[in-house]
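Load the model in your viewer and keep the sequence panel open beside it.

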Amino acid sequence: MPPKKEEPKKWKAPKGPKPIQRKNKNTIGLGRSIANVRSKENRIEYLPDGEMRFTTDKHEADWVKLRSVTQETALDEFLNTAELADTDFAAEKRATVKIIKVDPNKNPYLLSGEEQEKKHKLQEEHEFELKVPRRPIWDSNTTKFQLEKAEKEAFLDWRRQLALLQENEDLLLTPFERNIEVWKQLWRVVERSDLVVQIVDARNPLLFRSKDLEKYVKELDERKNNLLLVNKADLLTAKQRLAWANYFIENKIKYTFFSAAEANELLAKEELESQSLNGNLNEINNSTNTKIEIGNEIFNKEKSEIDSKIKILKIEELEELFLKEAPEPLTIPLRADEPAKLQIGLVGYPNVGKSSTINALVGAKKVSVSSTPGKTKHFQTIQLSPKVILCDCPGLVFPNFAYTNSELVCCGVLPIDQLRESTGPCQLVAQRIPKYFLEAVYGIAIPTKAIEEGGSGIPTAQELLTAYARARGYMTQGFGSADESRAARYILKDYVNGKLLFTHCPPNNDNSLVTLEQEREFNMENFSLEKLPEQRIEQIIQAAKEKNININEIDLARDLSKLTFSSHASIGDEGKAKTSSNYGGKQAALTSATDELDREFFNMKNVKGKYTTPFHKLTNDANSNKKHNKKNKKGKTRTLTSAATVQDELI
């Protein structure tokens with residue numbers, strides 16, 4: 001008989017407490033992220049019928065590849081760089097900890113005056129290193145594979161140069177475009193365009209202008225020309241346009257002022273009027289007169305200005321300027337019988353009005369428009385006339401020096417709805433827009449810290465957001481505190497759209513840093529009563545009449561504190577502004593945590609301390625060494641017996 005097999009021993013759990021596996025708290029890190037991604041790649045799955053299934057590398061669609069990428073996580077940046085270099089990688093464990101000391105009295109997302117001055121000098125020294133990526137030289141003999149490989153290598157070298165500039169020189173760059181597919185659209189537009197028009201925002205033209213792009217255009221062909229189109233010029237006063245015009249002329253920059261918003265508004269009104277022209281002759285005459293009045297009202301505001309260099313061009317004048325500045329058509333047509341066509345390329349940052357300008361030039365809505373940066377995804381061509389073609393390039397964030405990312409949010413470069421940190425941009429708004437004008441626009445009272453207590457007279461981001469949120473009733477769930485993030489989105493959108501209008505002044509002649517006082521003086525005309533919404537003007541005039549203040553002599557900086565309107569309350573007898581009734585009463589009052597702690601601390605002199613015996617020693621036996629003062633049953637029995645004996649003896 002075969003020998004019996006020994007039965008396998010049963011596993012028994014070891015005695016003692018079970019080991020607790022501690023979870024590593026460092027769940028965020030480049031090495032761990034790479035390991036997780038690698039573990040998910042080519043994962044094999046077994047179906048119920050035993051079939052094996054696995055996925056290969058994903059091929060994304062073209063519209064996915066053309067998404068604008070200005071900010072990347074550490075993992076995405078690492079993987080994209082490795083993909084461009086066509087290399088593999090290995091993860092290594094490192095322990096790098098960066099400790100940042102933050103001053104509680106200073107916004108950590110903004111720079112002080114001294115820090116900004118140092119950054120300004122450092123930026124001037126390395127300004128020539130801010131370049132646009134060049135497309136490698138190619139011809140008809142270059143294959144597609146060779147060209148793509150050369151483009152990736154050139155783009156990778158360009159990104160490495162910018163990374164070294166940030167690391168070695170301690171400079172902050174704007175979140176520039178990191179997707180090579182978007183840059184390819186720019187290369188195509190520049191190569192085929194005879195005139196390259198850079199469209200910039202009139203409120204900060206130098207931030208949106210790329211000097212190296214103009215050099216790149218001349219490198220491709222000396223016959224190509226550049227033009228700077230200052231859009232949204234209707235937001236600037238005549239004095240401000242004159243200051244910028246003098247700066248452009250001194251630096252030999254070809255420029256022109258334009259307003260796509262007003263041009264499209266006129267086109268919309270003309271279209272409505274043309275629909276109503278099917279009536280009788282009287283209606284035709286009335287609509288024609290109305291059309292002339294609208295044109296005079298919108299476009300002929302600068303008739304009184306003698307100097308033509310600050311004039312906002314009409315649509316017809318802009319077309320004539322394009323034809324005047326452009327050279328002869330440089331692109332040879334495919335067919336010999338076809339005439340050569342002039343091609344004009346429009347490039348610039350997102351949300352500066354490229355698509356709106358094209359719609360104004362064409363006279364109809366040919367290109368989709370959105371207030372969100374990055375609406376245009378592909379390079380497009382539009383036939384302006386039989387001899388002129390417009391090339392619309394997707395919005396590109398060119399590499400530029402910046403002091404903080406908050407400035408880019410206020411300029412409309414970064415989307416506000418995707419913002420995670422709002423105190424930095426809102427602090428910039430509070431510094432640039434005077435407190436009295438913020439109160440007048442929104443009809444609120446902004447309680448600030450007094451100068452005697454260490455305040456600066458300028459509201460902080462928290463004070464502005466809290467006052468706005470409570471006045472509008474924006475509260476968070478649960479505790480019911482002010483919803484500052486929601487309030488920040490409204491205020492920042494008003495700033496970007498021009499409701500809170502602020503224009504940057506040209507640089508100084510000696511290239512020194514422009515101070516906040518200079519910029520405020522440059523914008524004093526924007527902080528007057530006439531710049532407020534009509535409804536708010538009526539409220540302020542009515543409040544001034546009740547206080548017997550002359551309407552023609554109202555000065556917001558001087559008289560606003562005396563008026564009561566909307567949620568804004570006048571100064572009381574004690575010299576402090578009253579809290580409006582719709583702030584929510586005592587429960588929702590604007591209080592400072594530091595002031596409350598001070599009051600509690602200095603009121604401690606009225607408190608009298610009393611020494612009491614701790615509760616656990618009141619019934620405890622001092623000689624007892626039993627844990628938790630628990631005696632065994634024998635001890636309790638002896639105590640009861642001895643007590644009964646003593647009682648019998650007494651009886």
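Is C393 buried or exposed? Select C393 in this predicted model: C393 is buried, at 0% relative accessible area.

**Stop 1: the cysteine pair**

Draw a distance between the two sulfurs. The closest cysteine sulfur to that of C393 belongs to C391, and the separation is 9.5 Å, which is too far for a bond. The cut-off for a disulfide is two cysteine sulfur atoms within 2.5 Å. Across the whole structure, the search for disulfides returns 0. C391 accordingly belongs to no disulfide, with the sulfur of C393 as its nearest cysteine sulfur.

**Stop 2: the whole chain**

Zoom out and colour by secondary structure. The protein has 24 helices and 8 strands. Its length is 651 residues, and 38% of them count as buried. Now display contacts between residues at least 6 apart in sequence: 69% of these join residues at least 24 apart.

**Stop 3: the largest cavity**

How many cavities of 30 Å³ or more does the structure hold? There are 2. Go to the largest cavity, with a volume of about 120 Å³. Its lining consists of 14 residues; select R203, C410, C411, Y495 and F502, which are the closest to the centre. By type, the lining of the largest cavity comprises 8 nonpolar, 3 polar and 3 charged residues.

Next, colour domain 1 (63-84 + 131-275 + 303-392) and domain 2 (405-527) separately. The largest cavity lies between these domains, because both contribute residues to its lining.

**Stop 4: helix α16**

Select residues 435-442, which form helix α16. Why is α16 described as largely enclosed by the rest of the structure? The reason is that 7 of its 8 residues are buried. To see them, show the side chains of Y436, F437, L438, E439, A440, V441 and Y442.

The covering elements include α15 (423-432) and α17 (461-472). Also among them are α18 (484-497), α20 (534-546) and α21 (556-559).

Finish by stepping past the end of the helix. The residue that follows α16 is G443, and its phi is positive, near 65 degrees.

How values were computed: Residues numbered from 1 in each chain as written. Predicted model: local features only at pLDDT ≥ 70, side-chain atom pairs only at ≥ 80, totals over all residues. Heavy atoms only, no water. Buried < 20%, exposed > 50% of the residue type's maximum accessible area, 1.4 Å probe, protein only. Helix = DSSP H or I, 4+ residues; strand = E, 2+ residues; numbered from the N terminus. Contact = heavy atoms within 4.5 Å. 1 Å grid on protein atoms, 1.4 Å probe; cavity = no way out; pocket = protein on both sides within 12 Å on 5 of 7 lines; lining within 4 Å. Points joined across faces, edges and corners; volume = space filled by probe spheres on them. Nonpolar A, V, L, I, M, F, W, Y, C, P; charged D, E, K, R; others polar. Domains from an automatic or database assignment.
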